[in-house]
Amino acid sequence: MKRLLLAIAAALAACGDGGASTSTSTSSAGGAPVEDGAGGSGAAPGAGGGANGENGGASGCVPIEIGGDVASLVQSIADKMDESAGAGSEAFVVPSSKEREAFAAAVVAALLGDDEAGCMLPPSYRWVRLTDPDAGSVEVVAEVDADGVPSPSLHWGTFASLSDLEEAPHRPVAVAAPHPLFDDLTEMQAATIFSRGRARFLAVAGAHRCSNAAEVDCDGKTEVCNDVDDTPMPFRISDAAHAVESPFYAVHARLSDELPDLSFLQVHGFGSTGCFQAVVSDSSGTWPGAGPAAALATELEARDIGVFHCGLDDTGAACPCGETNVEARYSAGSTDACHEVGDDYGRFVHLEQLHTLREPDSAEGQATLEAILAAFEPIGP
Ligand SMILES: [Zn+2]
């Protein structure tokens, strides 16, 4: 049994995509420290994307073995993130395009077991191996020290994969939490889906979506980082679901390219009323008749979770359907995910959930986990 921490403050984190959702104050979402606008010193020096080389000998090139399970590691990283990479912290270090692509290449190579990959990671990142009681042998790329203790400086995210596909069935899906802290509990939910479901990959963004003040010019606006009023504003560069500058996006793109049979599930949280308990979408704007989004909706409803079907239902409320999500657009074939929709949706599932669905110990949380595992069928031995 994993010990999953319940959020105490229990603010209803609202994902908010394109002016939808949220009735709660941004500043209290997710239990993050309230310091919007007060930060400015978070960027760590000296890390920056260079090849690791022999840096320090032990770091980088050779995977380090640590104990514990994936959920515990993700929780410890999230706890550290909450201290140092909250809203207004400016913690997310914006990479150059070259650094971003090199990082994504190294991460994906490590996750796929390339022995050379560790040497290509930036010095603050380590390639970690652990044996999870549910997932089995796992590769992790994370900003941790030689003992596996979180030590972030770039805040580019945490990534994991299964390394023993031949030994047991797995689900060919990458589970991602692009809005840790803000979409309360989603990083832990993603880790649990990864481990319990033996999903092939896990990705958790490395900073609060409102960490940095800098805005991007991608499609869509949101009020979630606006502490002054509810006026929708452009997305922040630290928003891993809306900024193509994000290494999280680059890793997604590379996985999407290299593994054409891989599906993607992004878990989000919202707090608005009028959209039932869950909002399910493939991010196209049209409800798909088949595929993983349709399957997930069916499985949720079979467990008495009320589902808003994007492109099909109309409750009069603005429900968050992820149509400007850059990862969704990329996997749908967009060559400019910031500004253009794709033309071939179906691999990507965007799931927005009320708080109870994300809670590990609630009946709705248990039902949601079961529905997700039922919707993505395992393959392999
Ligand atoms: Zn979200």
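Residues are numbered from 1 along each chain, in the order in which its sequence is written. Because the model is predicted, local features require a pLDDT of at least 70 and side-chain atom pairs count only at pLDDT 80 or more, whereas totals for chains, interfaces and linings use all residues.

The protein contains eight helices and twelve strands, these being DSSP runs numbered from the N terminus (H or I over at least four residues for helices, E over at least two for strands). Of its 381 residues, 58% count as buried. A residue is termed buried if 20 or more other C-beta atoms lie within 10 Å of its own, exposed if 12 or fewer do, and partly exposed in between, with C-beta atoms placed from the backbone. Two residues are in contact if their C-beta atoms, likewise placed from the backbone, lie within 7 Å. Among contacts in the protein with a separation of 6 or more, 75% are accounted for by residues 24 or more positions apart.

Helix α2 has 15 residues and reaches 21 Å from its first C-alpha to its last, close to the 21 Å expected at 1.5 Å a residue; the expected span is 1.5 Å times one less than the number of residues. Eleven of the 15 residues of α2 are buried, so this helix is largely enclosed by the rest of the structure. The buried set includes Glu99, Arg100, Phe103 and Leu111. Elements covering the buried residues of α2 include β2 (126-132), β3, β4, β6 (199-204) and α4. Glycine 113, which follows α2, has a positive phi near 90 degrees.

The axes of α2 (residues 97-111) and α4 (residues 247-258) come within 8 Å and cross at roughly 55 degrees. That angle makes α2 oblique to α4. Axes are lines fitted to C-alpha atoms, for helices over the stretch in contact, and angles run from 0 to 180 degrees between N-to-C directions. Angles under 35 degrees count as roughly parallel, over 145 as roughly antiparallel, 65 to 115 as roughly perpendicular, and the rest as oblique. The crossing of α2 and α4 is right-handed, a term applied if the near helix is turned clockwise from the far one by less than a right angle, and left-handed if anticlockwise. Residues making the contact include Phe103 and Val107 of α2 and Val251 and Leu255 of α4.

Helix α3 comprises twelve residues (186-197) and should span 16 Å at 1.5 Å a residue; its end C-alpha atoms are 16 Å apart, which agrees. Eleven of the twelve residues of α3 are buried, among them Met188, Ile193 and Phe194. Arginine 198 follows α3 and has a positive phi, near 45 degrees.

The axes of α1 (residues 70-84) and α3 come within 9 Å and cross at roughly 160 degrees. These two helices, α1 and α3, are therefore roughly antiparallel to each other. Their crossing is right-handed. Val70, Ala71, Val74, Gln75 and Ala78 of α1 make the contact with Glu187, Met188, Ala191, Thr192, Phe194 and Ser195 of α3.

Glycine 148 lies in the loop between β3 (136-142) and β4 (158-162). This glycine is buried, with 20 other C-beta atoms within 10 Å. Not counting residues up to four places away in sequence, glycine 148 touches Ile64, Ile66 and Val128. Glycine 148 and glycine 68 are 80 residues apart in sequence and 9.8 Å apart in space, C-alpha to C-alpha.
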